[in-house]
Amino acid sequence: MSNIPEELRYTETHEWIKDLGNGEYMIGLTFYAQDQMGEIVMVEFPGMQDFNSGDILGTLEAVKTAEDFYAPFDCKVVRVNGDLEDEPALINESSYEKGWLIVVKTDDPSGFTSLKSAVEYTEFIGE
Amino acid sequence: MKTVFELSSPGRMGVSLPELDVPAASEIPAFLSREGEGTTGLPEATEGQILRHYVNLSTMNHHVDKGMYPLGSCTMKYNPKLHEDLARIRGLSGIHPLVPSALAAGSLELMYRLGEFLCEITGFKGVSLQPAAGAQGEFCGIMLIKSYHESRGEPHRNEVLMPDSAHGTNPATSTLADCVVVGVESNEYGLVDPEDLRRKAGPNTALFMLTNPNTLGLFESRIEELTSIVHEAGGLNYMDGANMNALLGIAKPGEMGFDVCHLNLHKTFSTPHGGGGPGSGPVACSDELARFLPDPVVILDDDGSFRLRRKQDSFGRLLAFHGNTGVLYKAYAYIRTLGAEGLREVSENALINANYLKAKLGEYFDNPFDNGPCMHEFVLSGDRQAKQGVKTLDIAKRLLDYGFHAPTVYFPLIVHEAMMIEPTETESLEDLDSFVEAMVSIAGEAVEKPYLVTDAPVNTPVLRLDEVKAVKDLCIVEPVKEGGNP
Amino acid sequence: MSRFVPNGPEQREKMFRAIGLEKFEDLLEPVPEKFRLKENLQIPEPLSEFELTLEFEEFARRNTGADLTCFMGAGAYDHFIPAAVDHILLRSEFYTAYTPYQAEVSQGTLQAIFEYQTMIARLTGMEMANACMYDGASAAAEACLMAMRITRKQRVLVAGSLNPRWLDVIRTYLRKEDFEISEIPFLEDGTLDLETAGNLIEGGTAAVLTQYPNYFGLIEDLQPVAELIHECKGLFIVAADPVALPLLRSPGDAGADIVVGEGQSMGIPMSFGGPCVGFMAARTKLARKMPGRIIGRTTDRAGQTGYVLTLQTREQHIRRNKATSNICSNQALMALANTVYLSLMGERGFREISSQCYHKSHYLEKKLLEIHGVSRVFENTPFFREFVISFPVSSIELRDRMIEHGILAGLPVVELEEGAMLITATEKRTRDEIDRYVRAATDICGGGTS
């Protein structure tokens, strides 16, 4: 059984998104996805710039897979999790806390609210 | 094992060289010289030490001459010993690639004849022997097709259609050739869905790239319909010939609507894989595409001599010289040894061997696409075992303990826990039965003693290796020891 | 039944029973009837081992160019190969194995290639190397693509003194909509025109590629080029001749970011142009952007040292259309030939080979310059193993007439001058052979010495 916190929102590309207030949102990789990938060995981050919904933000690499992560809505990247550069496996060890990927900013909250709920994501991954 | 650098001791030497027999010239100016950088760090050891080192290393390899190598899509068949000797005859191995054509008449005739054979086998008119491997053959094929579209005023055609079961080189080559990949779905039978192909083929289609038999080992029965859809949309059809071992003397790509295909001489035509190369990936094509072939091609001139020539509309060069000629020699020898009937016998037996294994293993492993005969290979799923906690990777490793190489695993991507098995025609019934016994035994272990499988391999020179560490603590060269080179 | 197919009628019958079919044709059910061949292929009747050997001997005899004393280079070289190299290559364990996907039963190949990577890195003065490419030319092309990926710039400058065949290959690989290749001209002395280079190199330049020694055998100072391109945040790619490296300042020391080259000179016969082997070395921080396979050292479950394919997410079988290259099969056995060759030569042997190439080519050049009417094409530039001189007769005519003397005199480079010839002397050319060359050339040029 996967760990899918109720207070977060989710995408079909397995990102979780947390509303931090003030138009800031934190993005990470779900427990389910990190479990599928195995130990993450490298994270490639985006620059601090604007992205459109669906744009590739960066790449996560395990030993035998590499997956891109995407902008869930139009947004600007404002912070990245620098700890992952030295310790990318934090994504495996602590998917929803220490393993967060980036924080983005947007003025339009509708992108967030239209994302999948925990129930919908659970259904999506078929568990 | 120690590395060769650890054998080093100053003053030892593995060769004897003659004294310099001409007067010495003035030395290279100091600012261009290596002086001051220290040594080159090459080892210093005797011939005997070095031989022992590499012979000991060699014993840690599995190889075709030792045992079965059922690696799907790789066609690991027996490599005839004579062919190694023939490629080493001094007149063939000791000749410079840029001599005037008349001085290389033997090599050129051999290459010309080989090209003719490959055209006959594939049903095409033009051929390039230059590509060094299958992936470079794919690149050559896409460049031919791009040149064709450009010549017709359609340079915008840049989409390569391919099924989701394609080899990784297909999408990678498309990117290299400045094209974009458009995926086409497979249907419930593991074959390309013609309706999806129809939806995706259009005014931007450059080509449709298909492996046939496909990577599930299945012949694309609706091939005529598929290639017609693409032609009607103005695109061309490319066959990845990685699986040509199924079709020798049985069917020709050129008659199925394909416009170009590459062949892997290091698979179908028994040239050895060399631990990863050199291969050779000749490309055969229709008359219409032949004028764009890479530089040079071998031609038979009006005066009866063989020459290298650049075609006027050639898209360019892929290698500095004419191809992996030494590999071409061996492929020619193979075809001459077998003749027409022998080639057909190869494919017949490849099909029989694969279908025999499929029949024998069907009871013990899942086969999601078992709707009739397979061609030269088939794909099982380890799903049943995975539910018991034994993954396909574990089964692969356990096979090593039984003295077999593992099948290709986790490919194609459309099968869960995939095991792609290709026995080739050179395995005897007795050896096939031993493989079946091993697989059945492992299927049993997966249920009764799963730890035997998940702990495997144990009978190999090293145990399961830590690939995560290899990436995280990257060590790709031997570090130089303190105080200078070792 | 051919001697490669063990299952005949007897076995077939058993197997058909197990499969549940009556005859072979039942297996062809998925192949539409109209595509099944009704007749045999038009391939000549099979030959026995003995007959095939005779045929190959005849092919070899007609390769009369192989009997000539070889002074031709231009990218393929006639060097001495110690017997032990081929004995290792002919080990079934190496040559009948596949790519080392199952590391536990491929440690031989993996460790040997790890040693290869180490030797290439050390020779070039770089931090790391990959497991090899097809040949030097395609390695150079891939290096350009790699530099473009890293810098996200789309313009490459290539020295006009690069082997023209290599330039052709680079043009093929870089034939993309937004990519641009420009040439940096060379001066009268054959060295790169640094002033023009300085003007051409700008913020949008991904890389400069120069050959070292260049196509004409000339040795140039790499450092000024390195400084020019680094100022503009581009990468410096050097196409180096490995045989020259024991003598020459290493490209790494001179500021190269990527070094590529052709390894045929190190234990591989010319074999009419292939198989060759390309090498590629780079700074470690660029490793993740490299094409091709890379072997890494790790440990197994018991803590023993072992080797695996690493950084695989760069490669086509994982990253597919986003891979750093489409290369899959490379030239692994040829990389092994390089490894065994360099081990046998060792520190002193390889330096001696290098030094003899240098001195013998200089001796030949000096003697040829004594012929009346023979002149240097590039004055006063140091060279290695290979040089260009101009004869008072057409170089094509000279080459053809030298063949009558049993000598392959070199490659005519008429694009420079009608009498210009690119001539090579490796360590294999004896003083006798060199003197014979000079005598024959003297006769052909009219007999006089100055």
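**Exercise 1. The strand pair E8 and E9 of chain B**

How many bridges join strand E8 (residues 297–300) of chain B to strand E9 (residues 306–309) of chain B?

*Solution.* The structure is a predicted model, in which local features need pLDDT of at least 70, side-chain atom pairs count only at pLDDT 80 or more, and totals for chains, interfaces and linings use all residues. Residues are numbered from 1 along each chain as its sequence is written, while chains are lettered from A and ligands numbered from 1 in the order in which they are written.

Step 1. Helices (H or I, at least four residues) and strands (E, at least two) are DSSP runs, numbered from the N terminus. Two strands pair if DSSP finds at least two bridges between them.

Step 2. E8(B) and E9(B) run antiparallel and are joined by four bridges.

**Exercise 2. Helix packing in chain B**

Determine how helix H10 (residues 325–361) of chain B is placed against helix H13 (residues 429–448) of chain B.

*Solution.* Step 1. The two helices pack at an angle of about 30 degrees, and their axes are 10 Å apart. Axes are lines fitted to C-alpha atoms, for helices over the stretch in contact, and angles run from 0 to 180 degrees between N-to-C directions.

Step 1. Angles under 35 degrees count as roughly parallel, over 145 as roughly antiparallel, 65 to 115 as roughly perpendicular and the rest as oblique. H10(B) and H13(B) are therefore roughly parallel.

Step 2. Their crossing is right-handed (the near helix is turned clockwise from the far one by less than a right angle).

Step 3. From H10(B), Asn353(B), Tyr356(B), Leu357(B), Lys360(B) and Leu361(B) meet Leu432(B), Val436(B) and Met439(B) of H13(B). Contact here requires the C-beta atoms, placed from the backbone, to lie within 7 Å. By class, this contact has six nonpolar, one polar and one charged residues. Ala, Val, Leu, Ile, Met, Phe, Trp, Tyr, Cys and Pro count as nonpolar, Asp, Glu, Lys and Arg as charged, and the others, Gly among them, as polar.

**Exercise 3. Helix packing in chain C**

Describe the packing of H12 (332–369) of chain C on helix H14 (residues 431–444) of chain C.

*Solution.* Step 1. The angle between H12(C) and H14(C) is about 25 degrees, with the axes 10 Å apart. H12(C) is therefore roughly parallel to H14(C).

Step 1. The crossing of H12(C) with H14(C) is right-handed.

Step 2. Lys360(C), Tyr363(C), Leu364(C), Lys367(C) and Leu368(C) in H12(C) meet Ile434(C), Tyr437(C), Val438(C) and Ala441(C) in H14(C). Seven of the residues in this contact are nonpolar, none is polar and two are charged.

**Exercise 4. Domains of chains B and C**

State the domain bounds of chain C and describe the contact between its domains 2 and 3; then treat chain B likewise.

*Solution.* Step 1. An automatic or database domain assignment supplies the bounds. For chain C it gives domain 1 (9–63), domain 2 (66–79 + 347–444) and domain 3 (83–340).

Step 1. The C-alpha centres of domains 2 and 3 of chain C lie 28 Å apart, and 25 residues of domain 2 are in contact with 19 residues of domain 3. On the side of domain 2 that touches domain 3, H12(C) gives the most, with seven residues. That side divides into 14 nonpolar, six polar and five charged residues.

Step 2. Chain B is assigned domain 1 (83–336) and domain 2 (347–470), with C-alpha centres 31 Å apart. Here 18 residues of domain 1 are in contact with 16 residues of domain 2.

**Exercise 5. The sheet of chain A**

*Solution.* Step 1. The sheet consists of three strands in the order E4-E6-E7 (chain A), with antiparallel pairing.

Step 1. Strand E4 (42–44) and strand E7 (66–70) of chain A each have a single partner strand, so both stand at the edges with one side lacking a neighbour in the sheet. The twist averages 20 degrees from one strand to the next.

Step 2. Five bridges join strand E6 (residues 56–61) of chain A to E7(A); Glu61(A) has Ala66(A) as its bridge partner.

Conventions
Two residues are in contact if their C-beta atoms, placed from the backbone, lie within 7 Å.
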